[in-house]
Amino acid sequence: MKLAGKTALITGGTDGIGLRLARQLRAKGAHVILTGRTPGRISAAQGEGFEVITAELTGPDGVDAVLAGLGARQLDILINNAGMGTTHDFREALPDPAADERILWLNIHAPIRLIVLLMPMLRARPEAMIVNVTSGLALAPSTAAAIYCATKAAMRSYTQSLRAQMKGQTKGGRIHVLEALPPVVDTAMTAHMTKAKMTPEACAAQIIAGMERNESQVNVGMVKLLAAVHAVSPAIARRFMLNF
Ligand SMILES: NC(=O)c1ccc[n+]([C@@H]2O[C@H](COP(=O)([O-])OP(=O)(O)OC[C@H]3O[C@@H](n4cnc5c(N)ncnc54)[C@H](OP(=O)(O)O)[C@@H]3O)[C@@H](O)[C@H]2O)c1
């Protein structure tokens with residue numbers, strides 16, 4: 001897809017991978033609208049010249065706020081990037097159901113609602129794209145992050161069915177559906193981790209290169225290796241990741 005002149009919405013665009021996607025898309029000539037929720041990060045993004053819609057996406061009100069913020073604007077690209085995770089050990093305590101619900105909402109319900117509600121608009125564009133940011137953990141789960149891995153695997157499955165249905169769904173051709181699977185990236189989400197991390201700039205650059213090539217799936221960084229192992233033996237990939 002040619003990105004110049006396109007209008008993109010990035011959820012969770014005020015920090016981390018989303019903010020780097022926003023900067024790099026703008027450098028390619030796209031108009032970028034972000035969603036965020038933390039006032040300091042929202043004003044920092046606004047200070048960079050981005051339009052930001054305030055939306056807490058752990059419930060339906062946040063999705064309504066995004067739609068209200070968009071108004072009559074026409075979108076060509078929807079990037080479902082906002083996400084959060086947690087680790088939990090059932091052997092120590094049971095998880096907080098309300099906390100699990102918030103993760104399910106942010107990682108699954110919100111992106112699916114946005115896809116459904118924005119689809120009439122995307123269908124009307126000459127060329128459109130939906131990017132769902134999942135994770136390498138969508139291929140094979142870790143032991144510690146059960147709920148997070150489950151949400152990412154769910155979005156991977158949804159993305160694959162959606163892609164198969166979207167062929168030929170715009171006037172000009174199709175709604176491209178791209179899944180981006182980052183590895184461990186150096187953002188607020190991974191601040192507690194000591195593992196080697198990719199920079200969010202490099203991660204965003206690989207995703208954008210995939211968008212420009214209309215790829216279906218972007219295995220970012222080390223996820224290329226995981227995907228290669230998974231293609232040969234899902235069992236080996238699973239065993240490796242459960243010990244990751
Ligand atoms: N970092 C990694 O290692 C990694 C690896 C694989 C996949 N991913 C995926 O990549 C995506 C981006 O991750 P990231 O590491 O860039 O995360 P991040 O640095 O924590 O940024 C997340 C963005 O989402 C927003 N957000 C978080 N909770 C939200 C909520 N409840 N409602 C609305 N917005 C919310 C944040 O806004 P505020 O700053 O205002 O909270 C921020 O703009 C996520 O889907 C994540 O699962 C990340």
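The model is a predicted one, in which local features need pLDDT of at least 70 and side-chain atom pairs count only at pLDDT 80 or more, while totals for chains, interfaces and linings use all residues. Residue numbers start from 1 along each chain as its sequence is written.

Seven strands form an open sheet in the order β3-β2-β1-β4-β5-β6-β7, with parallel pairing. Strands here are DSSP runs of E with at least two residues, helices are runs of H or I with at least four residues, and both are numbered from the N terminus; two strands pair if DSSP finds at least two bridges between them. The edges are taken by β3 (51-54) and β7 (217-219), each of which pairs on one side only. On average, and with direction ignored, neighbouring strands are turned by 15° against each other (axes are lines fitted to C-alpha atoms, for helices over the stretch in contact, and angles run from 0 to 180 degrees between N-to-C directions).

The pairings can be followed strand by strand. Strand β1 (residues 7-10) is joined to the parallel strand β2 (residues 31-36) by four bridges, and to the parallel strand β4 (residues 77-80) by three. Leu9 has Ile33 as its bridge partner in β2 and stands opposite Leu78 in β4. Leu78 in turn stands opposite Ile130 in β5; β4 and β5 (residues 128-133) run parallel and share four bridges. Another four bridges link β2 to β3, again in parallel, with Gly36 opposite Thr54.

Helices connect some of these strands. From β2 the chain passes through helix α2 (residues 39-47) to β3 in a right-handed β-α-β crossover, and β1, α1 and β2 likewise make a right-handed β-α-β unit. A crossover is right-handed if, with the strands pointing away from the viewer, the path from the first strand over the helix to the second runs clockwise.

Turning to helix packing, the axes of α3 (residues 60-70) and α4 (residues 97-124) come within 10 Å and cross at roughly 35°. Gly62, Val63, Val66 and Leu67 of α3 meet Ala110, Arg113, Leu114 and Leu117 of α4 in this contact (C-beta atoms, placed from the backbone, within 7 Å).

Methods:
Two residues are in contact if their C-beta atoms, placed from the backbone, lie within 7 Å.
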